[in-house]
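Take a walk through this model.

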Amino acid sequence: MKSHELRQAYTDYFVARDHKHVPSSPVVPTDDPTMLFCSAGMVQFKPLYAGDVELPYRRATSVQKCLRAGGKGSDLENVGRTLRHHTFFEMLGNFSFGDYFKREALEWGWDFIWNIMKLPPNRLWATTFYQDEEAADILEKEIGIPRNRIIPLDEKENFWGPAGDTGACGPCSEVIFFMGDDEALAEAIRTTEDGQRGRDEIARRIVDEGDRYFEIWNMVFPQFDQQLDGSRPQLKNRGIDTGAGLERMTTAMQFLQSGFEIDTPYKTDLLRPLVDAAASVLDVDYANPDVQLGCNAVADHIRALTFAMSEGIVPGNEGRGYVLRRILRRALRFAYLLGKDKPFMADLVDPVIDQMGGVYPEIKDSAKHIKKVIRIEEEQFMRTVGRGSQILDGLIEKARQNGSNAIDGEAAFDLHATYGFPVDMTEEIASYSGVKINRPEYATAMKKHQELARASWKGAELAREAELLDDVYETNGATDFTGYDYFETDAVILAAIRDGARVDGLQTGDEGVIILDHTPFYAASGGQIGDMGTLTVGDAVFEVADTQKTPSAIHLHYGKVARGVLNVGDSALAAIDGPRRQAIMRNHTATHIMQAAMKRILGSHIAQRGSEVSQNAFRFDFTHPQALTADEIAQIEHQVSEQICRDRDVRVDVMAQEEALKTGAIAPFGEKYGARVRVVRVGDFSIEFCGGSHLKRSGEIGAFAIVGESSIAAGTRRVEGLTGPAATAYMAAQRAIVQDVTGRLSVKPDEIAERLAAMQKEIKTLRKDAKKQRQQAAAGSVTDVAGEAKVIGEARFIAHRFDGLPMNDLRNTADVIRGKVPKAVAILASVEDGKVSFLCIVDKALTDKVKAGDLVKIAATLCGGGGGGRPDMAQAGGKDSSKVQEAFQTVEAKVTDALGG
């Protein structure tokens with residue numbers, strides 16, 4: 001029976017017993033905030049058990065799409081490793097709401113298993129909740145299961161639920177299928193028949209050996225309604241909640257049908273097509289045990305991603321989006337360790353649709369979108385891995401040189417915080433090299449980072465200062481801002497703050513805050529940074545370093561008294577740094593024109609998601625699913641430059657918000673607006689809500705250049721640019737670089753790309769030839785090396801030194817030796833620049849007596865280094881190559897002691 005036949009047989013069976021066939025609900029719960037994803041078949045029926053709604057039916061059956069990867073019940077780290085865990089799975093279920101209860105559920109379940117699936121009784125055990133004698137009696141006296149095959153388990157194992165933090169829960173009874181061969185089955189049967197001691201042993205095995213004693217069906221008897229406070233009142237509609245994972249059921253059935261060949265869900269017809277597709281794009285042979293975990297994880301995870309993303313969830317940094325990002329990056333992590341450093345997951349969406357689109361047609365409609373988003377996420381992650389892996393290689397090498405088996409924890413944290421390199425991936429890659437992360441140092445670095453982040457939060461300071469200025473606000477209201485029209489203004493000092501307290505004045509050297517009745521200083525908001533400048537009272541000067549404003553719009557002038565004394569009540573001349581503000585306005589007006597150009601070139605979906613406008617440059621964040629091409633950037637620059645050359649009038653109107661919205665003006669994301677708003681127009685090209693300061697004409701921008709483009713989140717991009725003299729200087733620097741390159745290559749500017757491509761091709765060919773020569777030389781010497789083998793007990797011992805052979809070639813040589821020399825124990829060394837790399841292999845038949853990791857560590861320690869690895873293969877490094885021969889002799893002595901001469 002195939003998986004699709006089993007799925008259909010299940011629903012047909014229960015429909016024939018008066019169950020309503022209810023379609024699967026979405027994998028993203030629509031009305032349950034306690035759950036990230038639907039993690040069980042009964043989730044959509046929770047209100048029916050609780051009696052919150054009128055019952056539309058009293059019996060139901062469904063095949064529910066489920067996802068477990070975040071929060072309660074997360075299976076993520078076990079996926080691919082066991083038979084039982086998946087991120088995405090299909091849950092077959094039959095449900096009763098105040099209708100039938102234990103007797104019918106148990107009878108129908110065992111009838112289906114025995115007579116539809118044809119699973120033999122001698123491979124099956126039943127479990128019950130240890131206090132549920134009713135279920136045990138039904139199983140024994142009415143269904144006919146021997147008492148010694150009915151195994152009572154505790155609350156942790158056999159009291160189910162709820163799905164989420166609240167809802168239906170109760171005791172349960174499971175069906176356990178034995179996945180061993182006939183000989184192991186015979187032993188399990190003998191144990192079962194060994195009285196109470198045997199039943200206790202089987203109970204232990206069911207709990208501890210889940211892949212051997214495989215739970216395929218769970219009949220839950222919901223009787224209670226779990227509350228957030230932990231209480232469990234009786235359900236209004238007690239009933240039945242059955243969970244039978246299709247993946248598990250198919251595995252058990254096809255395990256028997258295949259003569260024990262199909263011994264994992266990933267070999268069944270349900271998942272094997274996806275596993276084969278994964279192996280194909282990863283370019284690996286699934287028959288190799290070393291690659292199976294990675295292929296399993298990729299096959300499972302692409303199903304989860306396809307289904308969740310078809311419902312509108314995309315990878316992100318919070319909530320469900322974060323779960324999807326973890327799933328995707330876990331798959332990419334396994335692929336990277338298998339040598340795949342190019343995007344590939346998007347290519348597996350179509351195989352998922354081919355396999356499952358017939359049952360779940362909703363996934364077909366979103367295929368193009370899913371593939372695009374996955375591709376973008378992959379490319380971003382691969383860039384992160386590419387940068388981070390180079391740094392990690394250096395950290396691993398540094399640890400080896402220091403004779404340590406641990407990477408510096410602070411450096412590992414910096415790798416994560418600065419480069420976005422996942423710490424679990426750091427641990428996985430490092431473990432392959434025999435090192436780990438210094439976790440206490442890592443934790444200390446993280447704590448320090450969190451404390452700095454809290455210290456830099458300004459919101460609390462402004463709220464505190466706003467409270468200090470309540471009387472000023474009551475008397476004068478918000479600060480009167482005059483800076484749209486004037487760069488300097490006469491003003492009165494209304495208040496002063498020093499060290500978090502109100503003071504009467506400030507004197508030379510004091511740092512503090514001054515509040516004026518009106519000011520030309522723009523307070524940072526809407527992406528535009530705060531103004532700098534001076535406040536002058538006679539000979540006294542207060543240098544303003546930044547301007548912020550409280551939630552009540554009182555402007556706070558932060559700075560320091562350069563000389564003299566400034567007192568509350570003094571009249572002051574408030575003057576901003578004019579050239580600095582002019583540069584800020586150039587960048588601000590340019591961002592408006594640029595956004596309008598982007599909408600014309602990239603599409604109307606472009607929406608601002610943040611910005612920063614300073615005197616030096618501008619930064620603009622916007623919604624867009626993919627990186628801008630060089631041609632798109634050129635088109636944007638061209639359109640902006642055209643508006644600059646036309647010297648458009650920049651007009652500002654203040655109007656009612658309703659009226660402003662009718663003009664079609666863009667309202668930037670995240671900004672708050674009052675009843676009246678400022679609308680900034682640049683000719684007929686751009687129109688936006690904006691509280692910032694702008695030029696009078698677009699021609700004042702001068703030059704314009706986009707100097708950076710990047711991704712900052714899924715579906716969100718960032719461009720960085722320059723205007724005026726800064727843009728001119730940038731373009732001059734770029735021209736100088738081009739001139740330098742053309743001079744060095746002796747080509748014209750338009751020939752650079754062609755020349756570089758030719759050089760890259762030549763370098764690639766030379767490297768390939770060099771690698772081939774090294775491999776040939778190494779392969780040619782293998783016969784000689786094999787001839788050096790000494791007989792030590794049952795082993796053939798080889799110790800050989802190479803000069804300048806890279807580690808990859810050393811591994812290749814070891815592989816050849818392994819293939820040519822039976823029961824080989826080999827220690828190989830490669831010496832270059834006074835340093836030595838060791839590689840040790842031990843035939844697997846000998847690893848119970850001698851281990852490669854122990855031998856290589858002995859050799860490396862003698863040479864001033866360290867390392868380790870698996871029992872059959874390990875590598876290490878050392879600083880002192882003069883001790884190689886001594887290391888060989890010591891290792892040989894160790895092998896002789898272990899295996900006998």
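The paragraphs below cover the sheet, the cores and the serine in turn.

This is a predicted model, in which local features need pLDDT of at least 70, side-chain atom pairs count only at pLDDT 80 or more, and totals for chains, interfaces and linings use all residues. Residues are numbered from 1 along each chain as its sequence is written, and side-chain values use heavy atoms, without hydrogens and water.

Start with the open sheet. Its 4 strands follow the order E24-E25-E30-E29, with antiparallel pairing. Strands (E, at least two residues) and helices (H or I, at least four) are DSSP runs, numbered from the N terminus. Two strands pair if DSSP finds at least two bridges between them. E24 (608-613) and E29 are the edges; each has a single partner strand, so one side of each lacks a neighbour in the sheet. E24 and E25 (residues 618-623) run antiparallel and share 5 bridges. Ser611 has Phe620 in E25 as its bridge partner.

Now the cores. A nonpolar core is a set of buried Ala, Val, Leu, Ile, Met, Phe, Trp, Tyr and Cys residues joined through side-chain atoms within 4.5 Å. The largest has 104 residues; Trp110 and Phe112 are among those that touch the most other members. A second, separate core of 28 residues includes Ile606 and Phe620.

Finally, Ser693. Ser693 sits in the loop between E28 (686-689) and E29 (704-713). Is Ser693 buried or exposed? Its relative accessible area is 2%, so Ser693 is buried, as buried means under 20%, exposed over 50% and partly exposed in between (1.4 Å probe, protein chains only).
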